[in-house]
Amino acid sequence: MAVCFSSTVKPTTYITIRTQQKPKNPIFRCQCSVTTITTTEPQPIYTSVRSFAPATVANLGPGFDFLGCAVDGIGDYVSLRLDPAVHPGEISISDIDGPSKLSKNPLWNCAGIAAIAAMKMLGIRSVGLSLSLEKGLPLGSGLGSSAASAAAACVAVNEMFGGKLKPDELVLAGLESEAKVSGYHADNIAPAIMGGFVLIRSYDPLELVRLEFPINKELFFVLVSPEFEAPTKKMRAALPAEVGMPHHVWNCSQAGALVASVLQGDLVGLGKALSSDKIVEPKRAPLIPGMEAVKKAAIEAGAFGCTISGAGPTAVAIVEDEERGRMIGEKMAEAFWREGNLKASVAVKRLDRVGARLISSIPR
């Protein structure tokens, strides 16, 4: 069991920009931090809840640590219930359906840390909670596994007590977990909670920009995951300490082009920008057997673009048609086997526009 603790995350600011096809974009601002934000402790409205949080693709090529998006149909589940056997104000992890190396100590578990942060923000002191985690994402896959657990957990806590926390505050609760597990970066946790594409405009203070991909446009992600683990910390250690001005200018221009392409629903431009990273991908790709050949196979088969998803090893390509995406995915998997001697699974998924959500509940 673990009691809610004081936050180590810096005070933050949150921005949402809802883009429209018209030029004007309303901007909403609020100040918040991971401290108790409710004047009175909310009472639980459910005896149990079940939540889901989607997988995410971080970086998107040139957007290292500041761009990410959510992927529909795959992710983690959290079940949360009131538990009189747990000391009031504390939470325990009763069960984990997933890798045995995951800790049931809430202070050392992604879901536990995020749940504790959400309880802290809500000021929960009168009831104890029991949490069960169902891992739908493999560890070290490059699909935001830790963020999905954290997002599902803080959403479950929030819904249990009436949904008092806003999306920006939930991101802060999830960042508490990410900061302790894989580093202080929001490009997975923000889209896992908010859905869609998210730009991290600033980290100090934290500013998040929601990028609206046109609702009338289709976008599919071809996710090819080899049987190979690429721990985030190890992959971050491979990155250069300094970047030359030409590569800096190039990556900035491509990240800007990527954002513009998202807002316009321009898949050709999006794919071109996605494939253009000259700073991070060149350092990480050689650490993933066959990755360079996989990217080449995707492009030659007709994908608009291809890059490493997050820290890898999953390769992600974008297409506009699901059936074509499956064909491209098979070519990518063949390249992993041929050039990297790695078996790989293929999934073709839509953009998740919703983010973490409640999927079932039992009223008190």
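Strand β8, residues 197–203, is mostly covered, with five of its seven residues buried; buried means under 20% relative accessible area, exposed over 50%, and partly exposed in between, with a 1.4 Å probe and protein chains only. Strands here (E, at least two residues) and helices (H or I, at least four) are DSSP runs, numbered from the N terminus. This is a predicted model, in which local features need pLDDT of at least 70 and side-chain atom pairs count only at pLDDT 80 or more, while totals for chains, interfaces and linings use all residues. Residues are numbered from 1 along each chain as its sequence is written, and side-chain values use heavy atoms, leaving out hydrogens and water.

Two strands pair if DSSP finds at least two bridges between them. Strand β5 (residues 67–82) runs antiparallel to β8 and is joined to β8 by three bridges; here cysteine 69 has phenylalanine 197 of β8 as its bridge partner. Strand β9 (residues 206–211) is also antiparallel to β8, with six bridges between them. Tyrosine 203 is partnered by leucine 206 in β9, and β8 and β9 form a hairpin with two residues between them.

Cysteine 252 is partly exposed, at a relative accessible area of 43%.
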